[in-house]
Amino acid sequence: MKKLNTVFFALFCCLCSVISAQTLEKCGTMHNYNQLLNDNPSISINRLAVEQAANNWLANNKSKLYTTGKKTVATIPVVFHVVYSPSIPDQNVPDSIIYSQLRVMNEDYRRTNPDTVNTRPEIDSLATDVQIEFCLANVDPNGNFTTGINRVSTSTTNFAFSPFNNAVKKTASGGVDPWTVTDYLNIWVCDMYFNGSPFVLGYAQFPGDDPTTDGLVLTYQHTGYRPWDSNASPANLGRTASHEIGHYFGLRHIWGDGDCDSTDYVTDTPKAAAASQQICTLTNNTCDDAIAEPYWNGWDPFDMLENYMDYSTDACMNMFTNGQRDRMWSFLNTDRVSLLSSTKCDGPSFVNEILPSNSIIVYPAPATSQITVEWPGEFHFETLKIVDMVGKTLKTYSISNAYAKYSVSTDELANGVFFIRLENKSMVTTKKILISK
């Protein structure tokens, strides 16, 4: 008991010292990793093996990330576990906040975010589409329909210590166990404030860490796109999730969690002496890259505060680099490769679905300006809908007179992943489609 009390006293002191500081520690990923390492030193061995496997894959397969004319895009099923206390209703964030968070994630990882225009011209050529998209899962681990938002009521009012004990990720400690980590990106949303102030805004696990707690955690106050929320400013645009997902796919902080001699294992991110700490001073230049890094060929660029893996303000962040994209894909094809074959966004949209999606034919694939949908003639549908990845219906067509075939225009749709949904009074079936013009 004395040892346990000593541990919690140390954690309490750590929390107090961080909160009393003038700057916010935005990310608790390294706190979490160090605690995991302390509890299980063998994790470091596994991490080295995972890192080596990713490096080997990248050395042998980098060219596969670039295809002529068309891009390979990975779609990752996501489940949001909203863990809330009934005594604090605000913790149970609405669906609209979750939808806005998913939109920000997709924009940031496909570089369709509207603030790409703010990337400085001298580094704009380094910014890239990561070619990863996210969809709300519609199949739970038991094969049943889900919205991809798992709401869990708890008697625990706060998870401020979660970066140290992962309490929110465990049913036994008032949180909720992850869904199958090989099929889903698990995102927990909870309260991690301490005495009315945030300790961290989020944290994640690197590839190769403990699989029983894999995923990332966000404070509910900083989840989603909420520009009206001055209390959450300057981290109120949903970029905490974009940052933590970067860790989940193997990225490190751009300052390497050290000084100018540290590394984030990516060549095209300039070195930095420390985190930017919620500022956006684009003339900061804390390390001499011209001398230290041959990649820059004698050029000494400013610190890359636009990068999602810094601690800059949400309004300042707007890019990943080519090197960061390559590193993320190297882990996606090794330690996290099972996500590429996950079908947890492809299953039944309603429990009364009786026609399997492989009975539906959609062509051309990928679609350009038009798609044609065919289904078995014995099934008579009344409505065809085009639905985006967050479940929003974009187009609805009455097809009650159509016999087993119907064509629709996709001219007004952007490139990306969508769902065709066929419905009648007794059943519904879905089919995922890709639009690439």
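A residue is called buried when its relative accessible area is under 20%, exposed when over 50% and partly exposed in between (1.4 Å probe, protein chains only). The model is a predicted one, in which local features need pLDDT of at least 70 and side-chain atom pairs count only at pLDDT 80 or more, while totals for chains, interfaces and linings use all residues. Residues are numbered from 1 along each chain as its sequence is written, and side-chain values use heavy atoms, with hydrogens and water left out.

The protein has 9 helices and 15 strands, taken as DSSP runs (helices H or I, at least four residues; strands E, at least two) and numbered from the N terminus.

Of its 16 residues, 12 are buried, so α4 is largely enclosed by the rest of the structure. Among them are Ile97, Ile98, Leu102 and Arg110. Just after α4 comes Arg111, with a positive phi of about 50°.

Helix α7 (residues 239-248) is a partner of α4: their axes, lines fitted to C-alpha atoms over the stretch in contact, with angles from 0 to 180 degrees between N-to-C directions, come within 9 Å and cross at roughly 55°. Contact here means heavy atoms within 4.5 Å. On the α4 side the contact is made by Gln101, Val104, Met105, Asp108 and Tyr109, and on the α7 side by Arg239, Ala241, Ser242, Ile245 and Gly246.
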